[in-house]
Amino acid sequence: MKDILRQAVPPLLGWYRVHKRTLPWRGTHDAYKVWVSEIMLQQTRVEAVKEYYVRFLERFPTAKELAEASEDEVLKYWEGLGYYSRARNLHRAAKVIAKDGFPKTFEGVRALAGIGDYTAGAICSIAYDLPCPAVDGNVLRILTRLLADGRNIDDNKTKAEFSALLKEVYPKEAGDFCQALMELGAIVCVPNGAPLCGECPWAGLCRAHLENREEEFPVRAEKRARKIQHLTVLVLERNGKYALQKRAEKGLLAGLWQFPLFEEAEPAAFGEVVKVKSAKHIFTHVEWHMTGYFVRAKECFSDYVWVTKEELKSGYALPSAFKAFKDWLK
């Protein structure tokens with residue numbers, strides 16, 4: 001396996017230098033900027049991240065600016081990206097970085113809040129050209145196809161074994177190699193649908209392709225069905241202000257603002273129902289099937305914070321789960 005991987009390095013690097021996409025975080029070795037991009041890219045599509053990354057760095061160009069901002073402001077700049085614990089961890093880690101500087105070792109980077117092995121490896125290889133593999137589902141997919149390897153990629157042992165194998169073949173251009181692996185998995189050996197083998201620099205080496213078995217890999221554990229929750233969302237309006245409530249500090253969307261949300265509620269008890277809309281939002285392990293009601297509230301209920309449209313836009317981070325109902329406020 002190691003021999004095949006060694007043979008695979010030069011054509012992959014050559015391909016990457018010609019075919020890599022132009023992305024706003026490419027071409028920098030600034031560890032802070034690499035870190036922000038890698039955190040944003042966790043479980044989020046590249047196209048969705050581009051605009052957020054540019055806007056975030058315009059407001060927080062260094063760890064010092066990020067550390068000095070309020071959590072509410074950081075969350076507002078993160079609004080719509082989801083997985084808000086990432087933003088809180090960025091903010092927490094920025095306070096350490098602003099004081100001590102950005103760590104320059106894998107162990108130091110790994111110790112920052114919200115960073116696991118993959119992200120630490122990506123930062124160290126891209127920012128410092130250290131031979132620190134960044135192995136996620138995309139990298140495992142292309143490597144298991146290259147080697148026709150039938151091990152279960154959801155097993156942590158498999159990830160560790162591939163990390164060790166990659167580390168032995170990392171070239172001195174560690175940053176380019178790390179990004180080339182990611183790029184191949186993103187635009188050629190794609191996660192959904194058939195791989196574009198005719199465009200792949202590994203077509204002559206890939207065992208799965210040579211054996212016409214591309215779609216047999218990677219092997220994964222069977223996914224559990226997501227839980228479905230049926231919820232009622234109330235957009236309560238009173239004298240040009242709208243009701244918000246803060247979620248609990250633990251659990252899904254912890255500590256974020258939302259429109260009043262119930263498992264069961266009688267909207268008419270709050271006032272006059274003007275509009276009704278259904279929406280669905282999918283999280284990793286649960287689906288929210290929501291029915292939203294726009295209600296002219298009969299009073300400013302004291303359980304909630306009441307804000308204007310302008311205040312909501314500028315100061316309150318509302319998760320994208322509520323986007324369909326937030327559109328009523330335009």
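A: Begin with a definition: on a 1 Å grid over the protein atoms alone, a cavity is a set of points where a 1.4 Å probe fits but cannot get out, and lining residues have an atom within 4 Å of a point. This is a predicted model, in which local features need pLDDT of at least 70 and side-chain atom pairs count only at pLDDT 80 or more, while totals for chains, interfaces and linings use all residues. Residues are numbered from 1 along each chain as its sequence is written, and side-chain values use heavy atoms, with hydrogens and water left out.

Q: Which residues lie nearest the centre of the largest cavity?
A: They are R145, C189, C197, C200 and C206, out of 16 lining residues. The largest cavity holds about 120 Å³ of space, a volume being the space filled by probe spheres set on the points, with grid points joined across faces, edges and corners.

Q: Which helix supplies the largest share of that lining?
A: Helices (H or I, at least four residues) and strands (E, at least two) are DSSP runs, numbered from the N terminus. The largest share, three residues, comes from α9.

Q: Why is α9 described as largely enclosed by the rest of the structure?
A: Buried means under 20% relative accessible area (1.4 Å probe, protein chains only). In α9, residues 137-147, nine of the eleven residues are buried, so the helix is largely enclosed by the rest of the structure. R145 is one of these buried residues, and R145 also lies among the residues nearest the centre of the largest cavity.

Q: What is found at the two ends of α9?
A: At its start, a side-chain oxygen of D136 comes to within 3.2 Å of the backbone nitrogen of N138. After the helix comes A148, whose phi is positive, near 50°.

Q: How should I read the pairing of strand β1?
A: Two strands pair if DSSP finds at least two bridges between them. Strand β1 (residues 227-238) runs parallel to β6 (residues 286-297), with eleven bridges joining them; V235 has F294 as its bridge partner in β6. With β4 (residues 261-262), β1 pairs in the antiparallel sense over two bridges, and V233 stands opposite L261.

Q: Which residue in the turn between β1 and β2 has a positive phi?
A: It is N239, with a phi of about 55°, in a hairpin that has two residues between its strands. β1 and β2 (residues 241-246) run antiparallel and are joined by two bridges; E237 has Y242 as its partner in β2.

Technical notes: Buried means under 20% relative accessible area, exposed over 50%, partly exposed in between (1.4 Å probe, protein chains only). A polar contact is a pair of N or O atoms within 3.5 Å; within protein, one must be able to donate a hydrogen and the other to accept it, and residues adjacent in sequence count only if both atoms are side-chain atoms. On a 1 Å grid over the protein atoms alone, a cavity is a set of points where a 1.4 Å probe fits but cannot get out, and a pocket is an open set with protein on both sides within 12 Å along at least five of seven lines; lining residues have an atom within 4 Å of a point.
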